Amino acid sequence: MLEFTPENVNTVVNTIQVICKGYSIRLIPEKYHTPENPMRGHCIHASEALILLFPNTELQLYRAPCKHSDYHWWTQYNETIIDATADQYYSQGLNPPYEQGKLQTRTYGRDADWNDRYLAKSYFVRDKVIEYLTCSQLF
């Protein structure tokens, strides 16, 4: 298990970005596939994967309404925002909607099938990150 340190968090965030970009076709609906913005649509499973990778921490899931899709999701540790997909905004000259964020439960408030699909994607990302870091001897 990874220790929750700033260095490890940065390594995991960078790895999540690579995994999400490489597996976009499997992870997100086609309407989100945009070569000029490869992180778009990955925020929910990337954020949940962070929580799964650091299970014994106080990481919490947040979301805010977003005019580019339904919601934007990220994690926070106390007041520190940890957002593996923030570049979907910054690459377009925009800021993520953090100021409208609200703490979320790990059940996303939609139907059980939707929750199960996104949790499965989160576990997939988590497992790919572990696989990559293990092969890189960082885990």
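At what angle do helix 1 and helix 5 pack, and how far apart are their axes? Please bear in mind throughout that the model is a predicted one.

Helix 1 covers residues 6-22 and helix 5 covers residues 112-135. Their packing angle is about 115 degrees, and 9 Å separates the two axes. The two helices are therefore roughly perpendicular to each other, the class that takes in angles from 65 to 115 degrees. As for handedness, the crossing of helix 1 and helix 5 is right-handed. On the side of helix 1, the residues that make the contact are Thr 11, Val 12, Thr 15, Ile 16, Ile 19 and Cys 20. Helix 5 contributes Val 125, Lys 128, Val 129, Tyr 132 and Leu 133. Sorted by class, this contact between helix 1 and helix 5 comprises eight nonpolar residues, two polar ones and one charged one.

Let me now turn to the overall arrangement. The protein contains five helices and four strands. Read from the N terminus, the order of elements is α-α-α-β-β-β-α-β-α. Along the principal axes, the C-alpha atoms occupy a box of roughly 40 × 35 × 30 Å.

Of the 139 residues in the protein, 47% are buried.

Burial brings me to helix 3, residues 43-53. How many of its residues are buried? The count is 11 of 11, and the helix is mostly covered. The buried set of helix 3 includes Cys 43, His 45, Ser 47 and Glu 48, together with Ala 46, Ala 49 and Leu 50. Ile 44, Ile 51, Leu 52 and Leu 53 are likewise on that list of buried residues.

Tyr 118 has a relative accessible area of 11%; the cut-off for burial is under 20%, so Tyr 118 is buried. In sequence, Tyr 118 and His 45 are 73 residues apart. In space, their C-alpha atoms are 6.2 Å apart.

Notes: Residues numbered from 1 in each chain as written. Predicted model: local features only at pLDDT ≥ 70, side-chain atom pairs only at ≥ 80, totals over all residues. Heavy atoms only, no water. Axes fitted to C-alpha atoms, helices over the stretch in contact; angles between N-to-C directions. Parallel < 35°, antiparallel > 145°, perpendicular 65-115°, else oblique. Left-handed = near helix turned anticlockwise from the far one by under 90°. Contact = heavy atoms within 4.5 Å. Nonpolar A, V, L, I, M, F, W, Y, C, P; charged D, E, K, R; others polar. Buried < 20%, exposed > 50% of the residue type's maximum accessible area, 1.4 Å probe, protein only.
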